[in-house]
Amino acid sequence: MTKAPDYDVSIPLDTDYYAVFAGIPAVDRAFWAQARGFANESLDELTEAWDKGEYPLHLARRLGELDLLTDGCEGPGLTPMSPLAAGLVNMEISRGDGSMGTVVAVQGGLALRSIALFGSDEQKAAWLVPLARAEKLGAFALTEPEHGSDSVGLETTAHRDGDEWVINGEKMWIGNGSVGDITVVWARDDEGNVRGFLVDQATPGYLAETMTGKGSLRAIHQARIVLDNVRVPLDAVLPGTHTFKDTATVLYATRLGVAWSALGHATAIFEAALNYSTQRIQFGKPLAGFQLVQERLTVMLSRLTSMQLHCMHLATLDAAGTLRPIQASLAKYHNTRAAREIAALGRDMLGGNGILLENHVIRHMADIEAIHTYEGTESVQALLIGRDLTGVSAFK
């Protein structure tokens with residue numbers, strides 16, 4: 001039997017047509033290089049884990065060892081990381097694998113950030129460094145079976161009973177929720193205020209089941225959680241949380257990270273298509289020599305460059321303290337849409353080879369579908385932006 005040709009489409013090409021990344025400071029570039037090394041070294045193992053639907057926890061912990069999990073959060077014991085460095089890390093980890101990109105989003109962007117922003121001094125001292133180093137794994141439990149896009153309507157309750165809180169409710173799609181150590185559970189107290197609670201996953205009544213059957217982000221586990229009279233001490237509450245606006249502050253901060261993640265996925269697909277076009281011979285010449293292929297590569301490059309500009313400019317605004325949450329919504333809206341377009345073109349350009357996991361494109365294509373939805377669907381982002389533009393809310 002004739003051996004099929006081998007293609008190496010995962011070679012990083014550092015595509016930067018407008019030199020958007022040319023002036024990155026050395027300290028930020030060092031974080032990027034650290035993330036690049038992890039992405040390259042773990043690629044084969046993560047591809048296999050994605051295929052099997054297994055969560056390689058040792059790789060999540062390796063991200064902590066490399067100090068790549070803080071997502072730019074500030075707090076005692078945390079290594080300073082600029083918004084640009086946080087974005088580059090998110091982009092590069094996602095260029096390798098979206099499941100690990102989601103680990104960064106959950107562990108640093110959501111769980112660690114909730115404590116850094118709203119925790120007591122004691123809570124910060126107990127949890128920030130262990131979460132940043134992945135010595136402990138954290139989860140962020142907001143979404144419920146009946147409340148996804150309308151998460152403001154969450155029904156989980158926290159009732160004050162003497163010197164304890166009693167939490168009841170259900171959560172869904174919770175990354176690290178069944179394999180971690182601590183979960184930030186969002187619930188309404190007796191006055192209807194939205195509060196965050198630190199819940200040890202070993203607490204009686206905390207029942208978590210890993211979700212199965214996913215066709216996306218298969219190398220990280222999400223959980224469905226039932227909270228059945230879960231009792232936690234009074235000091236389990238994050239004292240800085242009082243309303244859903246506090247929850248939204250965490251979500252807004254991570255939304256720009258999703259835009260960077262989309263850029264990482266799109267970069268991987270574009271560079272796979274470009275690599276493939278120079279290696280694949282059809283009709284006696286490389287695919288790169290065909291007009292239609294060159295036109296498609298140009299379309300993909302134009303989308304990719306636009307994504308880079310969105311991310312870089314908003315990182316500058318974030319560093320200056322002038323980033324508006326709605327601007328992060330637009331970046332997320334634009335970049336996940338553009339990533340889907342690039343994925344469709346890249347998948348088509350690889351023909352039948354595009355559905356082989358060894359060529360990575362189909363894995364990224366599937367994972368883009370998840371980030372397109374989480375941290376606020378496209379429709380919800382559009383309504384947020386529309387409300388900002390018109391002053392009229394399309395929500396109820």
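The largest share of the lining of the largest pocket, six residues, comes from helix α6, where helices (H or I, at least four residues) and strands (E, at least two) are DSSP runs numbered from the N terminus. This is a predicted model, in which local features need pLDDT of at least 70 and side-chain atom pairs count only at pLDDT 80 or more, while totals for chains, interfaces and linings use all residues. Residues are numbered from 1 along each chain as its sequence is written, and side-chain values use heavy atoms, with hydrogens and water left out.

**The largest pocket**

- A pocket is found on a 1 Å grid over the protein atoms alone, as an open set of points where a 1.4 Å probe fits, with protein on both sides within 12 Å along at least five of seven lines, and its lining residues have an atom within 4 Å of a point.
- The largest pocket holds about 1,300 Å³ of space, a volume being the space filled by probe spheres set on the points, which are joined across faces, edges and corners.
- Of the 40 residues that line the largest pocket, Gly 148, Ser 149, Ser 151, Glu 375 and Gly 376 are the closest to its centre.
- Two or more lining residues of the largest pocket come from each of α4 (98–118), β3 (164–175), α6 (244–279), α9 (361–373) and α10 (378–390).
- Sorted by class, this lining has 18 nonpolar, 14 polar and eight charged residues, where Ala, Val, Leu, Ile, Met, Phe, Trp, Tyr, Cys and Pro count as nonpolar, Asp, Glu, Lys and Arg as charged, and the others, Gly among them, as polar.

**The second largest pocket**

- The second largest pocket holds about 660 Å³ of space, and of the 30 residues that line it, the closest to its centre are Asp 71, Gly 72, Arg 113, Ala 253 and Asp 318.
- Helix α6 gives the most to the lining of the second largest pocket, with six residues, and at least two residues are supplied by each of α3 (83–96), α4, α6 and α8 (325–349).
- The lining of the second largest pocket has 15 nonpolar, 10 polar and five charged residues.

**Salt bridges**

- The structure holds 18 salt bridges, each being a side-chain nitrogen of Lys or Arg within 4 Å of a carboxyl oxygen of Asp or Glu.
- Asp 14 forms a salt bridge with Arg 36, and their closest N and O atoms are 2.8 Å apart. Asp 14 lies in the segment before α1 and Arg 36 in helix α1, so the pair ties together parts that are 22 residues apart in sequence.
- In terms of relative accessible area, buried means under 20%, exposed over 50%, and partly exposed in between (1.4 Å probe, protein chains only). Asp 14 is partly exposed at 47%, whereas Arg 36 is buried at 18%.
- Glu 369 and Arg 340 also meet in a salt bridge, at 2.9 Å from N to O, and this pair links distant parts of the chain, with Glu 369 in helix α9 and Arg 340 in helix α8, 29 residues apart. Glu 369 is partly exposed at 37% relative accessibility, and Arg 340 is partly exposed at 34%.
- Salt bridges that share partners join Asp 14, Arg 36, Glu 92 and Arg 95 into one network.
- In the salt bridge between Arg 195 and Asp 189, the closest N and O atoms are 3.9 Å apart, and both Arg 195 and Asp 189 are buried.

- Gln 107 is placed in helix α4 and counts as buried, because its relative accessibility is 0%.
- Although Gln 107 and Ala 60 are 47 residues apart in sequence, they are 9.2 Å apart in space, C-alpha to C-alpha.

**Positive phi angles**

- Most residues other than glycine have a negative phi.
- Trp 173, in strand β3, has a positive phi near 65°, and Trp 173 counts as partly exposed because its relative accessibility is 49%.
- Asn 229, in strand β7 (residues 222–233), has a positive phi of about 55° although it is not a glycine, and Asn 229 is partly exposed, with a relative accessible area of 46%.
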